[in-house]
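Subject: Structure handover

Hello,

Here is the structure for you to look over. My notes on what turned up follow below it.

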Amino acid sequence: MSFARVRALVVVGVLAVAAVVFVVVTLFRDTQRGSVNGSNCPAGAPLADIRLPNDPAVVKIKVYNGTSKADLAEQVTNEFANRRFVVEKPGKSKTKVEGVAEIRYGPDTVGKAQLLRAYFLAQSTMVYNAKRKGDVIDIIIGDKFQALATTTEVNQSLGAEGEPTLPPGACLKPVTETTEPETE
């Protein structure tokens, strides 16, 4: 065997050993081992659905006017309806919101609430309630609201925000079936 072949075999052998050591170290130093998910969830903890919806038609919202501007909730509701969201009749909030908007949601709508946050360019206040039931998300429009984001801005905001995370004290809801309608 020539010296070049021996040298090549030694280099390949060293690389293989280094790869095995790297994999073993990575597996043993994994920081996600103790993460909370559906398999080791404490009793009574809410199960949160953190999936981002592919279609706005599966997101149900009710818009409230948290300002003194007339018909603002109706305008925003129409804008969301034009973007294919399922909307309920708008209402008037008893509390005033000074920011852009306040999004109130529960464990069943964590991922959907993050999608809505992108329509406000991540400038809305997120209010999670672990005891909230149902799939309707409340949006209270605030004094600093100007307009909903464009499709491009929504996509950029979603990219900047990243994947939805589990709220404190919640566990990952197991996905057993798809709840989103099939697209043609």
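Keep in mind that this is a predicted model. I start with the aromatic rings.

The structure holds six aromatic pairs. Take F85 and Y119: the ring centres are 5.2 Å apart and the planes stand at 85 degrees, so this pair counts as edge-to-face. The cut-off for that class is over 60 degrees. F85 sits in the loop between helix 2 (72–82) and strand 3 (86–87), while Y119 belongs to helix 3, so the contact ties together parts that are 34 residues apart in sequence. Both F85 and Y119 are buried. Ring pairs also link these two with F80, F120 and F145 into a cluster.

Next, helix 3. How many of the ten residues of helix 3 are buried? Ten of the ten are, so the helix is largely enclosed by the rest of the structure. The buried set includes charged residues, K112 and R117. Just after the helix, L121 takes a positive phi of about 55 degrees.

Helix 3 (residues 110–119) also matters for the second largest pocket: with three residues, it gives the most to the lining. About 170 Å³ of space lies in that pocket. Among the lining residues are V110, Q114 and R117, along with Y105, M126 and E161. The stretch E163, P164, T165, L166 and P167 lines it too. By class, the lining has six nonpolar, two polar and three charged residues.

Now the strands. Strand 2 (residues 60–65) has alternating side chains. I61, V63 and N65 point to one face and are buried.

Which strands pair with strand 2 in the parallel sense? Here is what I have:

- Strand 3 pairs with strand 2 over two bridges, in the parallel sense. V87 is the bridge partner of I61 there.
- Strand 7 (residues 136–141) runs parallel to strand 2 and is joined to it by six bridges. K62 has D138 as its bridge partner in strand 7.
- Strand 4 (residues 91–92) also runs parallel to strand 2, with two bridges between them. K92 of strand 4 stands opposite N65.

Best wishes

Notes:
Residues numbered from 1 in each chain as written. Predicted model: local features only at pLDDT ≥ 70, side-chain atom pairs only at ≥ 80, totals over all residues. Heavy atoms only, no water. 1 Å grid on protein atoms, 1.4 Å probe; cavity = no way out; pocket = protein on both sides within 12 Å on 5 of 7 lines; lining within 4 Å. Points joined across faces, edges and corners; volume = space filled by probe spheres on them. Helix = DSSP H or I, 4+ residues; strand = E, 2+ residues; numbered from the N terminus. Phe/Tyr/Trp six-rings, centres within 6.5 Å; stacked < 30°, edge-to-face > 60°. Buried < 20%, exposed > 50% of the residue type's maximum accessible area, 1.4 Å probe, protein only. Pairing = 2+ DSSP bridges.
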